[in-house]
Amino acid sequence: MTQNTPLSPRLPGLPLHPEEVTHRVLSAAQLRARGVSAAQTSAQCLPGGPWQHLLPGVYLLHPGPPTGQERLHGALLYAGRPPVSARRAAAGPSDAGYGEAMVTGVAALALHGFASVGELGALHRIDVLVPRTRRLRSTRFVEVLRTASMPGPVRVGEVPVAPVERALADAVAATSDPACVRRLLTEAVRDGHCEPAAVVRELSEAKLLGRPAVVGAVDALLAEGRAVAEARLYAMVREHGLPEPLWNVELRLPGGPPLGGVDAYWPDQAVAVELDARAPRFGAPGRRGRAEEDPRWSAYAAKREHLERLGITVVHLSPRKLREAADQQATVVRTALMAAADREPAAYVMVLPR
């Protein structure tokens, strides 16, 4: 019996075509729903038999080694099985059997398309996230991670996967290699999987920001995020036909102190654009998720207020808005440029390279 051989028609209730069984992996409950008794399942899994015991309560319906997708499906079936008290409830033949379980960590990053983690089939372990109330043990290639705050899953095909930021935090928690951490965080931002602020927030929630392997990587993450946001701003201006501004300049009153730097400035219209690439700040451990007053935000607000008193319109853009709604942000900038004709002339300021 090969991997492509139909399931044995001698077993009642089982489909005759392999495509009718997801990845040819089924849980004990799913087999029972198809009319296969525990004794029949055990007989099929005897040495030399056509099936094998992949994980506790999970069966691989061919004798060869499991594929990466089969291991993934098996891990979710194992972690998603209901508690003992609820296992008498019958599972329908089409029930995925995943419960609340979702893939996280490096395996989730592979599903999200991270190039640096390699192919799913080459991973030695699969991390699966479950609610803290579940009492499951890690086993074989499955690492069970229990949490009090289950995120909403993202569907990659039919697979429930933790959002990129959560998967990153779980992957970082499992390694002490600074180069690996830096590579993962940089790729997350450089390839547009998520924004730096969301990653830092998740790392803070997991109390990982103080780890030696993470400290330097976060600095690299923020630098990468800044570079990506600037590239998106350049693209927005050019792709939406906005006038070319002066890029990355410092404004100064003649003979006075600096007014601060801006990312783009249109001197004829006195319109400035500033990117907010700041990372969130969080309190000490124990104040989970509670934000502190960020002095950089106070400085930014003071600068913006000063510029606007001088008649300069400051447009504040976030990296996330540029990534998700560049056309909308281009409209905001264009509106500010067009409104310049109806405003009082701005104070004269010197424009210097930054």
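This is a predicted model: local features need pLDDT of at least 70, side-chain atom pairs count only at pLDDT 80 or more; totals for chains, interfaces and linings use all residues.
Residues are numbered from 1 along each chain as its sequence is written, and side-chain values use heavy atoms, with hydrogens and water left out.

Now to the strands, which, like the helices, are DSSP runs numbered from the N terminus (helices H or I with at least four residues, strands E with at least two). Strand β9, residues 246-252, is joined to β10 by 6 bridges, and the two run antiparallel; strands are said to pair if DSSP finds at least two bridges between them. The hairpin of β9 and β10 has 5 residues between the strands, and there Gly-255 takes a positive phi near 75°.

β10 also pairs with strand β11, residues 271-275, in the antiparallel sense over 3 bridges, and in β11 the bridge partner of Ala-264 is Val-273. These two strands form a hairpin with 4 residues between them, where Ala-270 in the turn has a positive phi of about 55°. How many of the 9 residues of β10 are buried? The count is 8, so β10, residues 258-266, is largely enclosed by the rest of the structure, where buried means under 20% relative accessible area with a 1.4 Å probe, counting protein chains only.

Let me turn to the helices. Helix α6, residues 178-190, packs with helix α8, residues 212-239, at an angle of about 20°, with their axes 9 Å apart; axes are lines fitted to C-alpha atoms over the stretch in contact, and angles run from 0 to 180 degrees between N-to-C directions. That angle makes α6 roughly parallel to α8, a term that covers angles under 35 degrees.

Finally, Met-236 lies in helix α8 and is buried, with a relative accessible area of 2%. Leaving aside residues up to four places away in sequence, Met-236 touches Leu-242, Leu-317, Leu-322, Ala-326, Gln-329, Ala-330 and Val-333. Of these, Ala-326 is 90 residues from Met-236 in sequence, and the two are 6.2 Å apart in space, C-alpha to C-alpha.

Key
Angles under 35 degrees count as roughly parallel, over 145 as roughly antiparallel, 65 to 115 as roughly perpendicular and the rest as oblique. Buried means under 20% relative accessible area, exposed over 50%, partly exposed in between (1.4 Å probe, protein chains only). Contact means heavy atoms within 4.5 Å.
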